[in-house]
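This briefing is meant for a reader meeting the structure for the first time.

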Amino acid sequence: MMNARPAIPHIAEHEANLLGSGSRKHWLLRDDCVFLNHGSFGATPRSVLAAQDHWRIQMEQQPVEFLVRVIEEDLRRCANNFAPFIGAKGDNIAFVSNATEGVNAVLRSLTWNPNDEILCTSHNYGAVVKAAEYVCKRFSTVLRTADVPFPIKEAQQVIDAIEVSISPRTRLLIIDHVTSSTALVFPIQQIISVCHNRGVQVLVDGAHAPGMLDLDLDTIGADYYAGNCHKWLFAPKGCGFLWVSNEQLTKIHPTTISWGWPDGFAQEFDWTGTRDPSPWLSLSAALEFYNLLPTGRRQEYNNQLTAWAAAFLADAWQVPEPCPAVMRASMATLPLPGELPGTRDQGRKLHDILMVKHNVEVPVVDFANRLWIRVSAQAYNTADDYKRLAQAVRQESTN
């Protein structure tokens with residue numbers, strides 16, 4: 001018996017202002033653009049941008065007084081306010097511009113010996129891989145890659161690929177919580193357990209996770225966790241964080257050493273020189289917007305719409321869904337129809353055609369020697385958006 005196609009998520013009358021087409025007014029997104037790429041940089045609601053403007057105006061009214069007060073009080077207040085959302089304590093949270101900066105801080109803080117090994121997977125974000133390559137080249141450390149298949153049948157394949165790739169010299173695993181190109185939700189808690197049983201520390205790249213997944217960092221078991229709040233949590237661009245476990249807290253320092261050194265983790269990260277702190281100070285406003293819907297409802301809508309979109313596009317393009325539904329959340333990556341070779345230039349060309357000709361913004365990914373499309377689902381998206389995409393791709397594939 002065939003499984004029924006997932007249903008388009010239902011929007012109750014009292015939710016129509018916050019979900020679906022009725023919610024789009026909360027963003028500045030262009031009316032003529034079908035925006036299916038929330039995953040790359042997010043989209044900040046008007047109310048959060050207004051909060052950021054408020055903080056910037058305060059800063060410019062008396063820069064010296066404001067920046068001194070911010071460092072001493074408000075950044076820590078924001079960290080403490082944010083901490084329960086990710087199941088953490090404020091003292092373990094430092095603000096960074098993005099998850100990649102957080103990953104760099106960890107990699108550049110640890111002591112490496114020649115022939116130590118750093119382990120990544122074939123799905124790691126490219127910028128994070130470059131950071132690992134830099135460290136390995138500088139310290140004669142070895143970078144190894146666990147080959148995780150895609151398409152993939154079950155989450156256990158991720159665990160098995162990592163476990164077989166760990167060697168006696170492996171010091172650190174860098175693992176995505178939600179992969180960027182392939183949009184897979186990895187079973188990080190089981191992966192962390194496997195690594196710790198082998199004496200390997202784990203650095204989680206959680207760029208997409210906050211706001212997309214429920215997080216409880218104090219119990220998940222990672223040694224380090226870097227995340228973004230400007231993607232699925234609606235904060236302004238440049239709002240990221242680095243969480244470090246109690247056991248490793250004194251070992252990690254920002255990539256820019258400044259007046260906070262050596263006074264401790266929070267003090268070092270809170271002041272690395274003059275910069276605009278308004279993205280982090282606006283995080284409370286982002287949480288307020290996120291929580292306008294009951295707990296879990298925003299995730300439920302996004303995930304249900306993603307499930308429907310993946311099934312719809314797979315049927316429209318006559319391609320298989322490349323992963324089980326349990327390994328997906330608010331994004332889905334699907335193969336393009338036809339046997340298209342996967343080169344970056346061809347992907348960029350197709351992206352530009354879809355945007356310029358069809359007003360559809362969606363990433364075209366080159367992965368595993370072919371081209372894929374990654375769709376996101378956020379509150380402002382509706383089924384019609386994916387129908388527009390399906391039609392545009394069908395039209396271009398016949399040209």
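In this predicted model, helix 13 (residues 344-358) and helix 14 (residues 383-397) have axes that come within 11 Å and cross at roughly 115°. The points below follow that crossing and then turn to the salt bridges, of which a search of the whole structure finds 15.

**Helix packing**
- The crossing of helix 13 and helix 14 is right-handed.
- On the helix 13 side, L350, I353, L354, K357 and H358 meet R388, L389, A392, V393, Q395 and E396 of helix 14.

**Salt bridges**
- Within helix 14, K387 forms a salt bridge with D384, their closest N and O atoms being 4.0 Å apart, and the two residues are three apart, about one turn of the helix.
- R5 and D315 join their side chains in a salt bridge at 2.9 Å, N to O, which links distant parts of the chain, with R5 in the segment before strand 1 and D315 in helix 12, 310 residues apart.
- The side chains of R171 and D116 also meet in a salt bridge, at 2.7 Å from N to O; R171 lies in strand 5 and D116 in the loop between helix 4 and strand 3, so the pair ties together parts 55 residues apart in sequence.
- R171 counts as partly exposed at 30% relative accessibility, whereas D116 counts as buried at 11%.
- A network of salt bridges links E15, R297 and E300.

- D205, in strand 6 (residues 201-206), is buried yet has no salt bridge, and the nearest side chain of opposite charge, K231, is 8.5 Å away.
- The side chain of D205 does reach the backbone nitrogen of A207, at 3.2 Å.

Notes: Residues are numbered from 1 along each chain as its sequence is written. This is a predicted model: local features need pLDDT of at least 70, side-chain atom pairs count only at pLDDT 80 or more; totals for chains, interfaces and linings use all residues. Side-chain values use heavy atoms; hydrogens and water are left out. Buried means under 20% relative accessible area, exposed over 50%, partly exposed in between (1.4 Å probe, protein chains only). Lys and Arg count as positive and Asp and Glu as negative; His and the chain ends are not counted. A polar contact is a pair of N or O atoms within 3.5 Å; within protein, one must be able to donate a hydrogen and the other to accept it, and residues adjacent in sequence count only if both atoms are side-chain atoms. Axes are lines fitted to C-alpha atoms, for helices over the stretch in contact, and angles run from 0 to 180 degrees between N-to-C directions. A crossing is left-handed if the near helix is turned anticlockwise from the far one by less than a right angle, and right-handed if clockwise. Contact means heavy atoms within 4.5 Å.
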